[in-house]
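Here's a quick tour for anyone meeting this structure for the first time. Have a look at the model, then read on for the main points.

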Amino acid sequence: MGGQKFEYDESGSTFFYFVLSFLALILVPATFYYWPRKRKEDPTKQAERCQCPNCKEKQLILEQSQPYKKVKNFFIMLAIISGWVLLGFLAMKVSQFDYEMSNFDPYEILGLPPGATQAEIKKSYRKQSLILHPDKETGDEKAFMKLTKAYQALTDEEAKKNWEKYGNPDGPGAMSFGIALPSWIVEKENSVWVLGLYALVFMVALPTAVGTWWYRSIRFSGEQVLLDTTQMYFYFCHKTPSMPLKRALMILAASCEFDKRHNSEIIERITDNEEVPSLLRDLKNLGEKNKEQPLCRPYSIKARALLHAHLSRIPLPKDTLEVDRRYVVSRCPDLIVEMVNCVNQLIALAYARRIPRLPTIETIENCMKMSPMIVQGLWENKSPLLQLPYITEEHFKYFTNRKKHIKSLLQLAQLPSDERRQLLRFLNDSQYEDLMKVLGNMPYIHFQVNTEVIDDENPTVVTAGAIVTVTVFLRRTDMKELFGDTTIKEKNIKDEEDGGGENAEKGENGENDKTEKKDTFKRPVWMKQKKHAPAKKNKKTVARVKTVVVEKTEVKKDVKEVKEVKEPKKKADDGEDSDEGDSDESGSNSDSDESRDKSSADDDDDQWDKFQKRIQKRERLEGRSKSSHPVHCPYFPLEKQEFWWCYICDRKSHTLLTAPAHVTALADNHELQLRFTAPRWPGLYTLACCLRSDSYIGMDQQQDMKLDVKEAAAVPSDHPQWDLSDTDDEHRDEGGNESEFTTDDEVDDD
């Protein structure tokens with residue numbers, strides 16, 4: 001039996017195979033992902049782009065923000081092309097390799113057919129040896145050795161037997177394992193260089209790269225916001241449960257992203273000592289005398305002044321403060337999303353009784369209001385018409401007359417074309433065309449809700465403590481559909497919405513449902529709902545609201561946990577309605593239920609906590625698309641996409657019932673589900689489903705939902721899971737000072 005031996009690649013052939021495959025593995029995906037491509041914009045979209053001076057200036061700034069883009073693309077193309085040239089060279093090199101003993105055939109080498117006679121073999125050998133002998137001018141030593149070996153394999157009896165048996169005239173050889181590395185790597189004189197290279201790669205470069213990545217990753221949250229900033233948001237939102245808008249703006253400006261000690265991209269200039277105080281004198285109600293840390297620090301005051309100047313549209317020095325303003329404003333949308341998440345988590349902790357004070361719904365809504373303000377560069381109390389190009393406060397006198405008083409974008413879009421052109425007579429034809437492009441591309445959202453109790457015997461009836469699922473249907477169209485004769489178009493839209501889905505409020509019969517649907521879409525969706533007077537604090541206690549937001553595709557998978565909690569209740573009701581003849585069977589079922597479902601209210605809370613954590617983890621892992629429609633925002637330094645927040649709240653008790661769902665992919669249609677636990681006491685509750693834009697001012701919508709909570713069916717007192725202990729009754733009596741829901745009857749009594 002032949003031996004085994006390991007050998008390095010002396011000729012370099014196997015090493016070339018290794019390099020060839022490794023290079024191809026890197027080069028193919030790198031070419032696909034990194035090859036520079038010229039994006040050809042759709043001519044129709046390019047024609048719809050606004051040509052106002054502010055938009056042109058923004059586009060120029062965006063192009064100048066990447067001065068080395070062409071040089072970078074050139075080097076990327078050069079590197080990829082060089083890699084493909086090297087790949088082709090290696091492929092050609094490998095194709096020219098000739099392995100001596102691979103498929104050794106002596107007849108083929110001698111140029112004879114199989115079965116040739118000894119005379120023919122000798123004749124062919126003499127003829128070729130005269131040509132290939134090394135002493136001849138045309139000699140080839142390698143080919144002559146191969147010829148000699150073939151001649152011996154056919155003339156020598158022992159060599160012929162070895163060739164016929166083993167395929168080799170020399171007999172069975174050693175099993176060779178080739179290592180795809182050249183032999184010079186293990187040579188003694190090169191050992192120092194090889195060890196130095198290994199040490200540089202594995203002991204210096206790799207640990208440095210991993211350490212740098214780890215250090216950067218642990219400093220940021222899921223929204224790529226510094227953890228120090230997130231902790232600051234938690235502190236101030238907990239400190240100020242009812243936060244006004246200007247204080248939220250002050251906290252936003254104190255983010256660590258604007259401090260040079262935390263962010264190396266921040267530039268501190270000598271000119272700030274003169275320009276910043278001059279800007280502070282021009283701004284009012286800035287709160288620069290606040291002594292709270294870090295609100296009183298210089299970087300915070302500077303960022304606050306830049307935000308106030310941005311919202312007031314005050315021009316700044318182009319080479320200094322204007323550059324800083326663009327950077328600060330560009331970071332704000334992500335910071336606002338993180339602030340909203342922090343307030344939402346504080347509300348959840350307050351429901352879990354881990355913190356004493358509950359942030360109000362006004363706090364989280366004021367945080368949301370900052371996003372469209374910063375994107376459009378406007379204060380909240382300014383007219384939404386200022387979001388259109390060429391419109392200034394000097395033109396408001398044209399929008400006010402005896403017949404009509406135009407205050408919103410919807411009212412302007414619904415005007416007949418001749419009246420609208422007459423109203424905007426201060427614009428020339430090209431300016432009017434630009435304005436109509438922008439107005440026509442703004443969003444017009446059809447907003448519809450449907451309330452039901454999933455996995456219940458009667459999904460249209462809400463009982464005390466049931467898990468209510470609110471399905472929100474969103475359909476996004478352009479506002480240009482309102483141009484012209486709006487009466488006919490709105491009627492068609494109403495008919496589509498009435499037939500497209502069920503209304504949020506369902507009656508006990510079909511006729512009531514139809515009338516409610518008509519009432520829901522009677523007024524345009526952009527019109528604000530009637531504001532109710534603020535309710536007083538009531539003294540009744542309700543269940544803690546457990547909030548969770550899930551997509552419709554996830555409900556079928558996750559609703560099983562909820563069903564497990566409700567199964568004993570259903571089985572108990574079935575047991576009461578069963579005949580006496582089935583008493584034995586029902587008794588056995590109750591025994592099995594008793595042995596299987598031994599859990600208390602605390603176990604239910606634990607299930608809910610695990611359920612919510614799994615949903616949130618799944619949403620983080622799956623990620624979300626962030627492509628919808630571009631926003632017209634000439635004062636925002638970056639390109640922006642339309643995003644929305646959707647949530648359910650109780651206006652009368654100023655509480656948030658569901659976590660705000662951040663809708664980032666509303667291109668045409670979108671459907672989401674909001675879930676919360678109904679109150680434990682029967683009554684008529686008025687809740688609000690809100691849709692809030694993060695890009696436009698005046699685009700927010702709200703639909704009131706009447707939640708008629710019925711009393712839950714009676715449960716046998718001997719059922720182990722539904723027994724109410726004395727401690728629960730005492731807890732209900734002691735918790736009368738807190739209220740998360742308020743019925744309409746209580747408001748009337750107050």
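There are zero disulfides in this structure, where a disulfide is a pair of cysteine sulfur atoms within 2.5 Å. Keep in mind that this is a predicted model: local features need pLDDT of at least 70, side-chain atom pairs count only at pLDDT 80 or more, and totals for chains, interfaces and linings use all residues. Residues are numbered from 1 along each chain as its sequence is written, and side-chain values use heavy atoms, with hydrogens and water left out.

**The cysteines**
- The closest cysteine sulfur to that of C50 belongs to C52, and at 3.3 Å it is too far for a bond.
- C633 is in no disulfide either, with the nearest cysteine sulfur, in C55, sitting 8.1 Å away.
- C50 is buried at a relative accessible area of 9%, and C633 is buried at 2%; buried means under 20% relative accessible area, exposed over 50%, and partly exposed in between (1.4 Å probe, protein chains only).

**The chain overall**
- The protein chain has 25 helices and twelve strands; helices (H or I, at least four residues) and strands (E, at least two) are DSSP runs, numbered from the N terminus.
- Of its 750 residues, 42% count as buried.
- Among contacts with a separation of 6 or more, 73% link residues 24 or more positions apart; a contact means heavy atoms within 4.5 Å.

**Strand β11 and its partners**
- Ten of the eleven residues of β11 (residues 683-693) are buried, so the rest of the structure largely encloses this strand.
- β11 runs antiparallel to β7 (residues 644-650), with six bridges joining them; strands pair if DSSP finds at least two bridges between them.
- In that pairing, W644 stands opposite S693.
- β11 also pairs with β12 (residues 701-710), in the antiparallel sense and over nine bridges, and here L687 stands opposite M705.

**Helix α3**
- The twelve residues of α3 (residues 53-64) should span 16 Å at 1.5 Å a residue, and the end C-alpha atoms agree, being 16 Å apart; the expected span is 1.5 Å times one less than the number of residues.
- C55, K58 and L62 are the buried residues of α3.
- Those buried residues fall within an arc of 60° seen down the axis, so they line one face of the helix; the arc is that of the directions from the helix axis to the C-beta atoms.
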